[in-house]
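Here is a short report for a reader meeting this protein chain for the first time. Keep the sequence and the 3D view side by side while reading.

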Amino acid sequence: MFQGRKQAVKETLTAWAFMTPALFLLLVFLIIPFFMAIGLSFTNQRLIPGPLPTRFLGFRNFARLIHDTTFLHALRNNFVFALVVVPLQSGLALFLAILVNPSRRFITFFRASYFVPTVTTMVVVAIIWGFL
């Protein structure tokens, strides 16, 4: 009865031992910087320290951002990218995947035209390394 419980505890500890480095790196490089960025967005903190001390500004930074034409232009570009480019790119990728499907005519031609750019790059790199 205790043998099964010991095995479960051992497996749990092993799982935590394997997850700990990844969780630590996520914490250090993703979670902590995320919350620091949120906190610093309400201050006048600069990347290069200057003569003025850091002060809490509240929502003043965000109010300035809403009236900045460069930010609004960048925001519009991001929305256009998300609404136009991403679906088109996904649709094209799906179309190419269907063309490479083995049940099609001219499958050899489609596979060759699809994979030639990748293979050509590797061949060029190999030739250059051969010259070096």
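A polar contact is a pair of N or O atoms within 3.5 Å, and within protein one atom must be able to donate a hydrogen and the other to accept it. T43 gives an example: its side chain reaches the backbone nitrogen of Q45 at 3.3 Å. The model shown here is predicted.

**The overall chain**

The protein chain holds 4 helices and 0 strands. Along the sequence the pattern reads α-α-α-α. The chain is more spread out than a compact globule, because its radius of gyration is 27 Å, well over the 14 Å that the globule rule gives for 132 residues. The C-alpha trace spans about 65 × 65 × 40 Å along its principal axes.

Contacts and burial can be read next. Take the contacts between residues at least 6 apart in sequence: 0% of them join residues at least 24 apart. Of the 132 residues, 6% count as buried.

**The loop between α1 and α2**

Two residues of this loop deserve a look. Helix α1 covers 2–40 and helix α2 covers 60–66, and N44 lies in the loop between them. T43 is found in the loop between α1 and α2 as well.

Is T43 buried or exposed? T43 is buried, with a relative accessible area of 14%. N44 has 18% relative accessibility, so N44 counts as buried, since the cut-off for buried is under 20%.

Which residues does T43 touch, leaving aside its neighbours within four places in sequence? They are T54, R55, F56, L57 and N61. On the same terms, N44 is in contact with P53, T54, R55 and L57. N44 also makes a polar approach to R55: a polar atom of the N44 side chain lies 2.6 Å from the backbone nitrogen of R55.

**The largest pocket**

This loop leads on to the pocket. T43 and N44 are among the residues that lie nearest the centre of the largest pocket, along with Q45, R46 and L57. In total, 18 residues line this pocket. About 400 Å³ of space lies in it. By class, the lining has 8 nonpolar, 7 polar and 3 charged residues.

Now move to helix α3, which runs over residues 69–99 and includes V85. F81 is placed in helix α3 too.

How accessible is V85? V85 is partly exposed, with a relative accessible area of 32%. F81 has 43% relative accessibility, so F81 counts as partly exposed, between the limits of 20% and 50%.

Each of these residues can be paired with a partner elsewhere in the chain. The table gives both separations.

| Pair | Apart in sequence | C-alpha to C-alpha |
|---|---|---|
| V85 and V124 | 39 residues | 30 Å |
| F81 and A22 | 59 residues | 32 Å |

**Putting it together**

In brief, the chain has 4 helices and 0 strands. T43 is buried at 14% relative accessible area, and N44 counts as buried at 18%. Both belong to the group nearest the centre of the largest pocket.

Definitions and conventions
Residues numbered from 1 in each chain as written. Predicted model: local features only at pLDDT ≥ 70, side-chain atom pairs only at ≥ 80, totals over all residues. Heavy atoms only, no water. 1 Å grid on protein atoms, 1.4 Å probe; cavity = no way out; pocket = protein on both sides within 12 Å on 5 of 7 lines; lining within 4 Å. Points joined across faces, edges and corners; volume = space filled by probe spheres on them. Nonpolar A, V, L, I, M, F, W, Y, C, P; charged D, E, K, R; others polar. Buried < 20%, exposed > 50% of the residue type's maximum accessible area, 1.4 Å probe, protein only. Contact = heavy atoms within 4.5 Å. Rg over C-alpha atoms; globule rule 2.2 N^0.38 Å.
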